[in-house]
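Please look over the sequence and the model first.

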Amino acid sequence: MANKFCVSITHAKDNTDKATVGFVVANAAVGSGKETLVFLSVEGVRLSQKGFADSIHEQGFAPLKELMDNFAKAGGTMYVCSPCFKKRALDENSLVAGAAVVGGAKLVEFLSDGSPCISY
Amino acid sequence: MRARCTADVEWDAGDLGCGDLVLELMIRVTAMAPGQVLRLVALDPGARADIPAWCRMTGHTLVEEQPPLYLIRRRGT
C-alpha cells in the first residue's frame with residue numbers, strides 16, 4: 001500500500017463544491033497517516049492566497065478555511081502550479097500555511113514513487 | 001448497547017464524517033498511550049466502512065464495532 005496520497009484541485013470560487021470536497025478527502029488521507037499532497041492548479045491556485053478561501057462555506061461541510069488550516073496543521077503539503085500562479089499575477093508573499101509554488105518536476109517527483117492521485 | 005471491553009477514553013463524534021472524522025480521530029488516538037482503548041460514537045453513515053479501513057491503514061486495532069459504537073485500541077508504538 002502506497003504511503004503517499006495526492007489530491008489535485010483545479011477549482012476555487014468557480015466551483016466551491018469541488019474545492020471543498022477536495023480538501024475533505026485530503027484531510028481523510030492525512031488523517032489516515034498518509035504523506036499527503038494537495039496540488040493546486042488552474043483556478044485552484046487562488047486558494048493558495050491568504051484570505052481567499054475565507055468566504056467559502058459549502059452547505060453541509062466545514063468552512064473551507066477551517067479544512068485548509070486543519071490540513072496544514074496535520075502536516076499536509078500544498079504544491080501550487082507555478083505557471084497557473086504567474087498567469088493570475090498572484091502574490092508569493094501571501095501564501096497560506098503549507099503552500100509552496102513549484103514547477104511540474106516537483107509534482108512528478110512526488111507521484112513517481114507510486115502515489116495515487118484523485119482529481120477535483 | 002454495551003461494549004465488553006473497558007474504554008480509557010471516550011469521544012462522541014456526533015455526525016462528523018469523512019475527512020473531518022478521521023483527522024480528528026487521528027489527533028485523539030495519537031494523544032492516547034499505547035494500548036489504551038478509545039470508545040468512539042460516530043453517527044455518520046460512512047463511518048461503518050471508514051473506521052475499519054482507517055484502523056487497517058494506521059495499524060490501530062478495531063476491538064469491537066457495533067455501529068455507531070466502535071472500540072479502538074491504540075497501537076503499541
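Predicted model: local features only at pLDDT ≥ 70, side-chain atom pairs only at ≥ 80, totals over all residues.

Residues are numbered from 1 along each chain as its sequence is written, and chains are lettered from A and ligands numbered from 1 in the order in which they are written.

**Chain B overall**
- Chain B has two helices and four strands, where helices (H or I, at least four residues) and strands (E, at least two) are DSSP runs numbered from the N terminus.
- From the N terminus, the elements follow the order β-α-β-α-β-β.
- The C-alpha trace of chain B spans about 30 × 25 × 20 Å along its principal axes.

**The sheet of chain B**
- Four strands form an open sheet in the order S1-S2-S4-S3, with mixed pairing; two strands pair if DSSP finds at least two bridges between them.
- The edge strands, each pairing on one side only, are S1 (9–14) and S3 (61–66) of chain B.
- S3(B) pairs with S4 (residues 69–73) of chain B in the antiparallel sense over five bridges.
- B:Gln66 stands opposite B:Leu69 in S4(B).

**The largest nonpolar core**
- This core holds 50 residues, and A:Phe23, A:Val38, A:Leu40 and A:Val80 touch the most other members.
- A nonpolar core is a set of buried Ala, Val, Leu, Ile, Met, Phe, Trp, Tyr and Cys residues joined through C-beta atoms within 7 Å; buried means that 20 or more other C-beta atoms, placed from the backbone, lie within 10 Å of a residue's own.
- Helix H1 (residues 16–31) of chain A gives the largest share of this core, eight residues.

Key
Buried ≥ 20, exposed ≤ 12 C-beta atoms within 10 Å, placed from the backbone.
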